[in-house]
Amino acid sequence: MDTKPNEERLLTGKGVNVKEVILKYSVYIVLACLVVIFSIISPTFLSQANIGNFFRQIPTVGIVTAGITMLIITGKVDLSAGSIAAFAGTAAAFLAIKGFSAPVVIGVAVLFGAAFGFINGFLITKFALDSFILTLGTDYMIRGMILFFTNGIYVKGVPEWFYNLSNTKVGSDFIFTNTLVFIVVVILLGYVMQNTRFGRYCYAVGSNPEAARLSGININMHLIKAFIIEGILAAVAGVLLMSNLNVGAPSEATGVGLFALAAAIIGGAAFSGGVGSMAGAVVGIFTLEVFRNGLAILGLNSFIQQAVTGGIIIVAVVIDYYRRTR
């Protein structure tokens, strides 16, 4: 997207518009402030152990955020991403302890993600349903299914190769295999969104669906494809999460979809569609995760952490409102 007019509006005319500069770069300012504040308050924040732990924890929600950001750009959301991740990841752990090979385990998990993504996309486009409401329903459905199949009990005894999927160091004490997968996903999806016809269709559909339809884009088919890709990414995140935990945990990843939605909006994506980027999504998820990590290091009660995180999500919605109305 051409940002030159905005840059000129910020830096020319009657001078620098401080309000717009702060609003435009607010997420970067907040992220820098959080890092500085937590570093001053606690030496543990920048310790090697905490940084390593941070980069092991962020890939799961980061990959989901990348997929959610792509959907938001098309004007849709998926609140079932966390349940898809839990279902696919737990199924992968179950197949792993049954002795299936890594390609089969990962392939089946990806198929589950693609199937749930297709169901979401098909129902939303076929019946012209609101994606927020529909995926809220599928979120409960998928979570209920995996809890029923496992009776809510963790799947334990996964083989070593399954654990190594997420927890193998790659060249340093900070980068693990799951971190590497997250980086690759962001780079690939960022390239797709900016340089391919699929990416341009996402922005066109999200900006003005009717204009996109009149220009020859099969909107329903494109949205189904977007939901399938997002479901696959949620499944990959789920496999990496269960590998990191070394179990199949059907109750994990609760609320991840909503958290990723907040991260995408904080990173500049517009809830109404047509605006957003993978780079912004990364900054958004880093801001939220730095905040959560800092609160945990300070020993803040976990219930208060949840309340504060909810407050940040509300702030994200308010920021989105100002972006749309200014």
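**A loop between two helices**

Tutor: Asn 246 lies in the loop between α12 (219–245) and α13. Helices here are DSSP runs of H or I with at least four residues, strands are runs of E with at least two, and both are numbered from the N terminus. This is a predicted model, in which local features need pLDDT of at least 70 and side-chain atom pairs count only at pLDDT 80 or more, while totals for chains, interfaces and linings use all residues. Residues are numbered from 1 along each chain as its sequence is written, and side-chain values use heavy atoms, with hydrogens and water left out.

Student: What is the phi of Asn 246 near?
Tutor: Phi of Asn 246 is near 70 degrees, a positive value in a residue other than glycine. Most residues other than glycine have a negative phi.

Student: Moving on to α13, at what angle do α4 and α13 cross?
Tutor: The axes of α4 and helix α13 (residues 256–266) cross at roughly 65 degrees and come within 8 Å. Axes are lines fitted to C-alpha atoms, for helices over the stretch in contact, and angles run from 0 to 180 degrees between N-to-C directions.

Student: Which residues make that contact?
Tutor: From α4 the contact is made by Val 61, Val 64, Thr 65, Ile 68, Thr 69 and Ile 72, and from α13 by Val 256, Phe 259, Ala 260, Leu 261, Ala 263 and Ala 264. Contact means heavy atoms within 4.5 Å.

Student: How many of them are nonpolar, polar or charged?
Tutor: The residues of the contact of α4 with α13 divide into 10 nonpolar, 2 polar and no charged. Here Ala, Val, Leu, Ile, Met, Phe, Trp, Tyr, Cys and Pro count as nonpolar, Asp, Glu, Lys and Arg as charged, and the others, Gly among them, as polar.

Student: Where is Thr 60, and what does it touch?
Tutor: Thr 60 is in helix α4 (residues 48–73). Apart from neighbours within four places in sequence, Thr 60 is in contact with Ala 237 and Leu 241. Thr 60 counts as buried because its relative accessibility is 9%.

Student: New topic: how many aromatic pairs are there?
Tutor: The count comes to 10 aromatic pairs. Rings of Phe, Tyr and Trp (its six-membered ring) pair if their centres lie within 6.5 Å; planes under 30 degrees apart count as stacked, over 60 as edge-to-face and the rest as tilted.

Student: Why is the pair of Phe 54 and Phe 55 edge-to-face?
Tutor: The planes of the two rings, Phe 54 and Phe 55, are at 85 degrees, so the pair is edge-to-face, and the centres are 5.5 Å apart. Phe 54 is buried at 11% relative accessible area, whereas Phe 55 is partly exposed at 21%.

Student: Which residues form an aromatic cluster?
Tutor: Phe 38, Phe 45 and Phe 291 form one aromatic cluster.

Note on methods. Buried means under 20% relative accessible area, exposed over 50%, partly exposed in between (1.4 Å probe, protein chains only).
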